[in-house]
Structures are given as structure tokens and as C-alpha cells.
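Okay, hi everyone, thanks for coming.

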Amino acid sequence: MDHIVHHTPLRTSATLDQRTKKNVYFKMENQQKTGAFKFRGASYKLMRLTQEQLACGVITASAGNHAQGLALAAHKLGVKATIYMAESTPEAKVQATRGYGANVVLTGESFQEAYEASLEHQKKCGATFVHPFDDYDIMAGQGTMALEMLEQESRIDTIIVPIGGGGLISGIAVAAKSLDPDIKVIGVQAASAAAMHTAYHQGVVEKLDKVSTIAEGIAVKQPGEKTLPIIQHYVDDVVTVSEAEIANAMVTMLERGKTLVEGAGAAALAGLLSHNDQIDSRHCGVIVSGGNFDIGKIAHVQSLANQLKPEKSNKTLVL
């Protein structure tokens, strides 16, 4: 995989270290090809398919980043890709996916509706379905990120990871704990799209009626069937963050870190800032999962960030 994906940098912040009383390391997957970690899993999955499967083309549903990752991976192999996405998907993600040569179909209010529509079409067209998260090869590809992190900084004792359907955190947890079983892995969900949080803490698997969050990359209505058991076994905690906390993390990264991140990409930082007192760590890794943000929505994000109480605001963070 080293010759296919970018070996993304691990950045530090002296100011954030001082504020949290931890050594914090940002894994900058917003600098990955296609602007998000999803290219890892998509590339590994296609490498595992047979020539017969590839010849049928590939099809998937996505909140946006898996779409771009699969579209680019398919383009590099000369494989036809069809991507179903929710109608609310940011235009930047839609155009980027089309730019990589994929056929994009917009349908439904959320990932779940797009997913169901893609399954129906797959039955008709016979393309090979590549699930965005509920697939062991996808998880394994995402897990390469943890191996890189621990090569870059072997002292990391905790990794904070955003959760949508759970493919990223499943891969990271298995990979990290295969190297060091004592590493803690903490997942972060948007409070308004917290199906995995409920399943993890209450043992109740439910399909949410509606998800609405600026972190559309993790706006998933129900946990993955394959990811949930892995998360229950390997992940040490799952927490939630509010829309204002996500927005504050996005604005902080942009204004102080000069780094553009999307809502899902800021969720792990939001989790650290919001739950710092409960996170026992000396060397804490934070996954910055993606940077595919529609810049036209920055005023809305700024407005949300301003809703935080002054004592919770993080305007002085310098990365």
C-alpha cells in the first residue's frame, strides 16, 4: 500500500499540549489522496477483487469521501464505478467524484436511502458492491493509518477516531492493538447521529429515523453489522459531541492551524476538547479524517461555533 497511498504527516501543537496537558499528535488524513482516508480502504478492497469482479464494474453508496476514494481507485485500474450519494451531499464532493470518472446518482435524504437505492441497482446491473465501511477488506485498508501513526510516534497510548458506520475505527483498533494491546481507542460520534454510541453503551441496535449534522461524513443511521462486534470488543469508549463543538473544532483548525477540515475530520479534535478531563493519556493521537468541505458553508459553521460558551471556546489554539 505504501506506493499507492500518501504517507500522511503527523503534526503537533504546543498550545494544545499545554491546554490539554497531553502530548497531542494529529494524523493528517485530510492530506491523503482525494482529501480523506477513504482512499486507503477502497484501494485495498479493489486490490483484493478478482479480474472477473473488476470487469463487472463497482458500485457503492457514500456520504462523499468513500465515493471519491473508490472513484479514484477504480479510475487507476480502468474500472467503471457507479456511486449513489444523498441529495444533501456537498457539491464539492459530488463534483470531485465525477471528476475521477465515476457515474454519480443523487438520491434520498441521507446515506441510508442512497445505500438502499444502490443495492437495488446492483441487483439489476451485476456490478461488484463495495461497502463504504461494513467490509473486512475496507477496515483492513483503513487500519494502515494506525500502523503509520505508530511508526511515526511509538509513544502514542490513545487514539481518538471519528465514527460513522465504524469502518475506520474498526481497522484502527485492530491494527493498533495488534501492535500494543494496551493502546486505548476512543470513538467520537455527532450527538445527532449517534446510533453506534447507543449500540455500544446500551446494547440497543437501532436505525435512526433522521440524522442531521455538519459532519455528513459520519451521518450514518445505523451501525454496521460487521463493524459493531469489532467495536464492542476492541474499542475502549465511544463519546458524542454537539454541532457547536464540531464547528468550533473546524474553525479552530482553519483559523489557527491554517488547515481546512470537514465536520467529520474535526470530530476527533472536538471529542478531545470536550472530554479531555475523562481521557487519561500522555501521548494522544487524533485522527483528522478528511478535508473535503464546501467552503460556501463556512458562515454557518462559524455561527454554530459561536454558540459555545466562552469557557469552552478554543480561539487561542495554534497548531
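Let's start with contacts, meaning heavy atoms within 4.5 Å. Of the contacts in this protein with a separation of 6 or more, 74% come from residues 24 or more positions apart.

A quick word on where this comes from: it's a predicted model, where local features need pLDDT of at least 70 and side-chain atom pairs count only at pLDDT 80 or more, while totals for chains, interfaces and linings use all residues. Residues are numbered from 1 along each chain as its sequence is written, and side-chain values use heavy atoms, with hydrogens and water left out.

Now the overall picture. We have 13 helices and 10 strands; those are DSSP runs, H or I of at least four residues for helices and E of at least two for strands, numbered from the N terminus. The protein's radius of gyration is 18 Å, close to the 20 Å the globule rule gives for 319 residues, so it is as compact as a globular protein of that length. That radius is taken over C-alpha atoms, and the rule is 2.2 Å times the number of residues to the power 0.38. If you boxed up the C-alpha atoms along the principal axes, you'd need roughly 55 × 40 × 40 Å.

How much of the protein is buried? Buried residues make up 59% of the 319, where buried means under 20% relative accessible area, exposed means over 50%, and partly exposed is in between, with a 1.4 Å probe and protein chains only.

On to charges. There are 30 positive and 33 negative side chains, and the centres of the two sets lie 4 Å apart. Lys and Arg count as positive, Asp and Glu as negative, and His and the chain ends are not counted. Each charge is placed at NZ of Lys, CZ of Arg, CG of Asp or CD of Glu.

Side chains of opposite charge can pair when their charged atoms come close. A search of the whole structure turns up 15 salt bridges, each one a side-chain nitrogen of Lys or Arg within 4 Å of a carboxyl oxygen of Asp or Glu.

Which residue does glutamate 29 pair with? Its partner is arginine 40, with the closest N and O atoms 2.8 Å apart. This pair links distant parts of the chain: glutamate 29 sits in the loop between strand S2 (23-28) and helix H2 (38-48), and arginine 40 is in helix H2, 11 residues apart. Glutamate 29 is buried, at 0% relative accessible area, and arginine 40 is buried at 0% too. They also belong to a network of salt bridges that links Lys27, Glu29, Arg40 and Glu148.

Next, glutamate 216 and lysine 93 meet in a salt bridge at 2.7 Å, N to O. Here glutamate 216 is in the loop between helix H9 (195-202) and helix H10 (227-234), while lysine 93 is in helix H5 (residues 91-99), 123 residues apart. Lysine 93 is buried, at 0% relative accessibility.

And one more: glutamate 113 bridges to lysine 221, with closest N and O atoms 3.0 Å apart. Glutamate 113 is in helix H6 (residues 111-125) and lysine 221 is in the loop between H9 and H10, so the pair ties together parts that are 108 residues apart in sequence. Glutamate 113 is partly exposed at 24%, whereas lysine 221 is buried at 3%.

Leaving out residues up to four places away in sequence, serine 110 touches Ala86, Val211 and Lys221. Serine 110 is in the loop between strand S5 (103-106) and H6, and is buried at 4%. Is aspartate 209 buried or exposed? Aspartate 209 is exposed, at 71% relative accessibility.

Last stop, the backbone. Most residues other than glycine have a negative phi, and most peptide bonds are trans. Now look at lysine 21, in the loop between helix H1 (14-20) and S2: its phi is near 60°, a positive value in a residue other than glycine. Threonine 34, in the loop between S2 and H2, has a positive phi of about 70°. Lysine 21 is exposed at 71%, while threonine 34 is buried at 9%.
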